[in-house]
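Q: Could you walk me through this structure? I would like the overall picture before the details.

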Amino acid sequence: MVRTYLVLGELILREQWIRAKYERQEFIHVEKQEPYSAGYREGFLWKRGRDNGQFLSRKFILSEREGALKYFNKHDAREPKAIMRIETLNATFQPAKIGNPYGLQITYLRDNSTRNIFVYHEDSKEMVDWFTAIRAARFHYQKVAFPGANDEDLVPRLTRNFMKEGFMEKTGPRHTEGFKKRWFTMDDRRLMYFKDPLDAYARGEVFIGSKENRYTVVSGLPPSIQGYHWKYGITIETPDRKFLFACETEAEQKDWIAAFQRVVNRPMMPQEYAVEAHFKHKP
């Protein structure tokens with residue numbers, strides 16, 4: 001499923017890249033890139049309501065100078081409903097999940113927990129301009145945060161697609177609770193689970209560290225475990241506890257294990273130890 005999202009997103013970007021090069025000639029006339037490279041963008045997007053699921057027009061402002069993306073519940077409101085720091089901002093096209101060909105999922109951290117915002121615009125160019133503006137703001141932030149880094153090293157950090165998404169079953173920390181079906185999103189080392197794919201907040205988040213730090217992933221569940229409906233189990237062991245999941249098919253089980261292994265096999269960077277510490281001290 002996540003591959004479908006990526007293909008649709010790539011098609012949107014590819015179409016606008018072709019139009020930018022050949023129709024609008026932005027590669028020749030650099031001044032035409034102003035809408036998404038000026039460090040400031042303001043406009044209206046259709047945003048999904050956190051509680052009622054309705055899409056309503058909301059004013060958004062992206063400001064590099066303030067280091068934030070903000071949105072307002074009312075067009076004439078002075079105070080924003082939310083302030084999203086560019087430091088933790090991410091954007092990825094999710095047309096299939098959102099149900100709109102130009103749907104964009106924006107995520108940011110709030111009190112070290114992930115917040116999802118789902119938006120779209122009827123005009124594909126407008127949506128791609130917002131996406132590009134976010135990437136440009138992220139690039140300028142990264143240039144300041146990592147002054148010695150090469151541009152080639154910074155580009156992969158601008159925005160990212162999720163490593164994998166889909167439904168699995170999970171049980172609670174005592175392993176005696178019944179398994180419940182949840183939507184899971186693997187965002188680098190953050191494994192988040194939601195009751196619904198379009199929930200604003202995750203029901204929980206799990207930090208996936210490296211094997212050097214005693215994180216492991218294995219196929220199957222402990223023999224004593226009961227209460228699952230799907231029989232293809234996965235056990236993730238962290239320094240603090242075991243997390244138990246079950247997949248509907250063997251193919252899904254293998255895909256999830258492969259995604260987990262890619263993360264576990266990668267050594268942790270210094271800043272990731274701080275993220276791990278935040279998880280350990282969550283209430």
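A: The chain has seven helices and 14 strands. Helices (H or I, at least four residues) and strands (E, at least two) are DSSP runs, numbered from the N terminus. This is a predicted model, in which local features need pLDDT of at least 70 and side-chain atom pairs count only at pLDDT 80 or more, while totals for chains, interfaces and linings use all residues. Residues are numbered from 1 along each chain as its sequence is written, and side-chain values use heavy atoms, with hydrogens and water left out.

Q: What share of the residues counts as buried?
A: Of the 283 residues, 46% are buried, meaning under 20% relative accessible area with a 1.4 Å probe, protein chains only.

Q: Which residues have the most contacts inside the largest nonpolar core?
A: They are Phe60, Leu62, Leu69, Met84, Leu104, Ile106 and Val119, in a core of 23 residues. A nonpolar core is a set of buried Ala, Val, Leu, Ile, Met, Phe, Trp, Tyr and Cys residues joined through side-chain atoms within 4.5 Å.

Q: And which elements supply it?
A: Those giving two or more residues include strands S2 (55–63) and S6 (104–110) and helix H4 (124–145). Helix H4 gives the most, with seven residues.

Q: Changing topic, what is the strand order in the open sheet?
A: The seven strands run S11-S10-S9-S8-S14-S13-S12, with antiparallel pairing; two strands pair if DSSP finds at least two bridges between them.

Q: Why is one side of S11 and of S12 left without a neighbour in the sheet?
A: Strands S11 (204–207) and S12 (216–219) stand at the edges and each has a single partner strand, so one side of each lacks a neighbour in the sheet.

Q: Which helix packs on the sheet?
A: Helix H6 (residues 250–264) does, touching S8, S9, S10, S12, S13 and S14. Contact means heavy atoms within 4.5 Å. The direction of H6 makes about 110 degrees with that of S8; axes are lines fitted to C-alpha atoms, for helices over the stretch in contact, and angles run from 0 to 180 degrees between N-to-C directions.

Q: Where is asparagine 213 found?
A: Asparagine 213 lies in the loop between S11 and S12.

Q: What does its side chain make a polar contact with?
A: The side chain of asparagine 213 makes polar contacts with the side chains of serine 210 (2.7 Å) and tyrosine 273 (3.5 Å). A polar contact is a pair of N or O atoms within 3.5 Å; within protein, one must be able to donate a hydrogen and the other to accept it, and residues adjacent in sequence count only if both atoms are side-chain atoms.

How values were computed. Buried means under 20% relative accessible area, exposed over 50%, partly exposed in between (1.4 Å probe, protein chains only).
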